[in-house]
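Subject: Structure handover

Hello,

Here is the structure you will be working with. Please have it open while you read the notes below.

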Amino acid sequence: HQKRGVAVKLERAIGQLRGKSIALLGLAFKADTDDVRESPAIAIGEDLLNRGALVSAYDPASMENAQRLFGDRVRFGRDVYEAIEGADAMVAVTAWPEFDDLDWPTVHRLLKGSVVLDGRNIWNPAVVRAAGLTYLGVGR
């Protein structure tokens, strides 16, 4: 249910997802692994694709495994910033340490939209909002 809740939260924030670009950050089941089995990111990605969203993604370790599952249906970035470029919204799905200290002014400049959905509660809402972005948390 919570995995499907990501798409619902995004729809409330940006409207219908068909044709919208959503960047997923973190594809592995958990940080420090390349294992995507039972990863929430895979279920979330499939749900977004089924709703007509254009999905981009980045993960420091599990890109190859995720590419086997998604094929060419998902655009994979070489880093966080390439994955989010032009996206209407970005979603943190796996709490990788490299996601902790993003350059928020750069994130604001690269995103086409302004919605940041923090599915792992890894970012400080005040810092994200201070960069001019819309912060959506889960369970806060």
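E11 is partly exposed, with a relative accessible area of 28%. Keep in mind that this is a predicted model.

Which residue meets the side chain of E11 in a salt bridge? It is R51, at 3.0 Å from N to O. This pair links distant parts of the chain. E11 sits in helix α1, residues 2-14. R51 lies in the loop between α2 and β2, 40 residues apart from E11. R51 counts as partly exposed too, at 24% relative accessibility.

R51 has another partner. Its side chain also meets that of D47 in a salt bridge, with 3.1 Å from N to O. Is D47 buried or exposed? D47 is buried, at a relative accessible area of 7%. The cut-off for buried is under 20%, so D47 falls inside it.

Now look at helix α3. R68 forms a salt bridge with E64 there, and their closest N and O atoms are 2.9 Å apart. Why do these two sit about one turn from each other? They are 4 residues apart in α3, so about one helical turn separates them. In general, residues three or four places apart in an α-helix point the same way. Both R68 and E64 are exposed. The whole structure holds 7 salt bridges.

**Helix α2 and the core**

The largest nonpolar core has 51 residues. Within this core, L10, L48, M90, W104 and W123 touch the most other members. Helix α2, residues 40-50, gives the most to this core, with 5 residues.

What is buried in α2? The list is A41, I42, I44, G45, D47, L48 and L49.

At its start, a side-chain oxygen of S39 comes to within 3.1 Å of the backbone nitrogen of A41. Just after the helix, G52 takes a positive phi of about 90 degrees.

Which residues is W104 in contact with, once its neighbours within four places in sequence are left aside? They are M90, V116, W123, V127, V128, A131 and L133.

**The strands**

Start from β2, residues 54-58. This strand is mostly covered, with 4 of its 5 residues buried. Strand β1, residues 21-25, runs parallel to β2, and 5 bridges join them. In this pairing S21 stands opposite L54.

β2 also pairs with strand β3, residues 74-76. That pairing is parallel as well, over 3 bridges. Here V55 stands opposite V74.

β2, helix α3 (residues 63-70) and β3 make another right-handed β-α-β unit. Thus α3, the helix with the R68 and E64 pair, belongs to the unit that ends in β3.

Best wishes

Terms used: Residues are numbered from 1 along each chain as its sequence is written. This is a predicted model: local features need pLDDT of at least 70, side-chain atom pairs count only at pLDDT 80 or more; totals for chains, interfaces and linings use all residues. Side-chain values use heavy atoms; hydrogens and water are left out. A nonpolar core is a set of buried Ala, Val, Leu, Ile, Met, Phe, Trp, Tyr and Cys residues joined through side-chain atoms within 4.5 Å. Buried means under 20% relative accessible area, exposed over 50%, partly exposed in between (1.4 Å probe, protein chains only). Contact means heavy atoms within 4.5 Å. A polar contact is a pair of N or O atoms within 3.5 Å; within protein, one must be able to donate a hydrogen and the other to accept it, and residues adjacent in sequence count only if both atoms are side-chain atoms. Two strands pair if DSSP finds at least two bridges between them. A crossover is right-handed if, with the strands pointing away from the viewer, the path from the first strand over the helix to the second runs clockwise. A salt bridge is a side-chain nitrogen of Lys or Arg within 4 Å of a carboxyl oxygen of Asp or Glu.
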